[in-house]
Amino acid sequence: MPVPHASEISLHVAEEATELWQKTEDELAIIGLPPPFWAFAWAGGQALARHLLDHPEMVRGKRVLDFASGSGLVAIAAARAGAAQVQACDIDAFAAEAIVLNAEANGVSVSATLEDLIGRDDGWELICAGDVCYERAMAESVVGWLSGLVARGAEVLIGDPGRSYLPRQRLQALATYEVPVTRSLEDAEIKKSTVWRLRIA
């Protein structure tokens, strides 16, 4: 299906959001499956994808990492915008498969990595992270790692619709979008979502 706020891109997504989420939470968690974050186009990722598509100069010719990629939406946008190399990472094996399928569906090349890259530096020039500030421990860990990448010269963009643990004092707003989302997973049908640049502390 076309992504609501980046209709140039189509994704394999869940049509019955509540039912899929509940099934995963209640039944499949017993065998260790995480919630299906990969099955939805989240607000922060949609904002990032829109921003990259509208500002291809930000990614053209660069090595890009889409961190906690989920469906691969932002990675696909980066590839469509002309990135030289795009890596998408997620620790969920289902997400890694979804990234490959979605990249193929959009005719772009994205490498999917199934590992936790926090603490690593593989020389990326631009790192994108959508919707990663919804839990305190994760937000602190991710922002700490990303801050080190900014300090050595990388650019970091964070897409966020106002999650609880967003470190606003460390961020510069680049653009804000009105993003259509799945009401059964969010608290509204439209989420005001901002693309932020992480600054050196």
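What follows is a short exchange on how terms are applied to this model.

Modeller: This is a predicted model, in which local features need pLDDT of at least 70, side-chain atom pairs count only at pLDDT 80 or more, and totals for chains, interfaces and linings use all residues. Residues are numbered from 1 along each chain as its sequence is written, and side-chain values use heavy atoms, with hydrogens and water left out.

Biologist: What makes S4 and S5 paired strands?

Modeller: Strands are DSSP runs of E, at least two residues long, and helices are runs of H or I, at least four, both numbered from the N terminus. Two strands pair if DSSP finds at least two bridges between them. Strand S4 (residues 85-89) and S5 are joined by 3 bridges, so they pair; they run parallel. Cys-89 stands opposite Thr-113 in S5.

Biologist: Why are S5 and S8 placed at the edges of the sheet?

Modeller: The open sheet has 7 strands in the order S5-S4-S3-S6-S7-S9-S8, with mixed pairing. S5 (111-113) and S8 (171-180) each have a single partner strand, so one side of each lacks a neighbour in the sheet. From one strand to the next, the twist averages 20°.

Biologist: Why are H2 and H3 called roughly parallel?

Modeller: Axes are lines fitted to C-alpha atoms, for helices over the stretch in contact, and angles run from 0 to 180 degrees between N-to-C directions. Angles under 35 degrees count as roughly parallel, over 145 as roughly antiparallel, 65 to 115 as roughly perpendicular and the rest as oblique. H2 and H3 pack at about 0°, with axes 9 Å apart, and are therefore roughly parallel. Contact (heavy atoms within 4.5 Å) involves residues including Leu-48 and Leu-52 of H2 and Val-74 and Ala-77 of H3.

Biologist: What makes Glu-135 partly exposed?

Modeller: Buried means under 20% relative accessible area, exposed over 50%, and partly exposed in between (1.4 Å probe, protein chains only). Glu-135 has 45% relative accessibility, so partly exposed is the class. Glu-135 is in the loop between S6 and helix H5 (136-151).

Biologist: Which residues have the most contacts inside the largest nonpolar core, and what makes a set of residues such a core?

Modeller: A nonpolar core is a set of buried Ala, Val, Leu, Ile, Met, Phe, Trp, Tyr and Cys residues joined through side-chain atoms within 4.5 Å. The largest has 37 residues, and Ile-9, Leu-52, Val-86, Val-110 and Leu-157 have the most contacts inside it. H3 gives the most to this core, with 7 residues.
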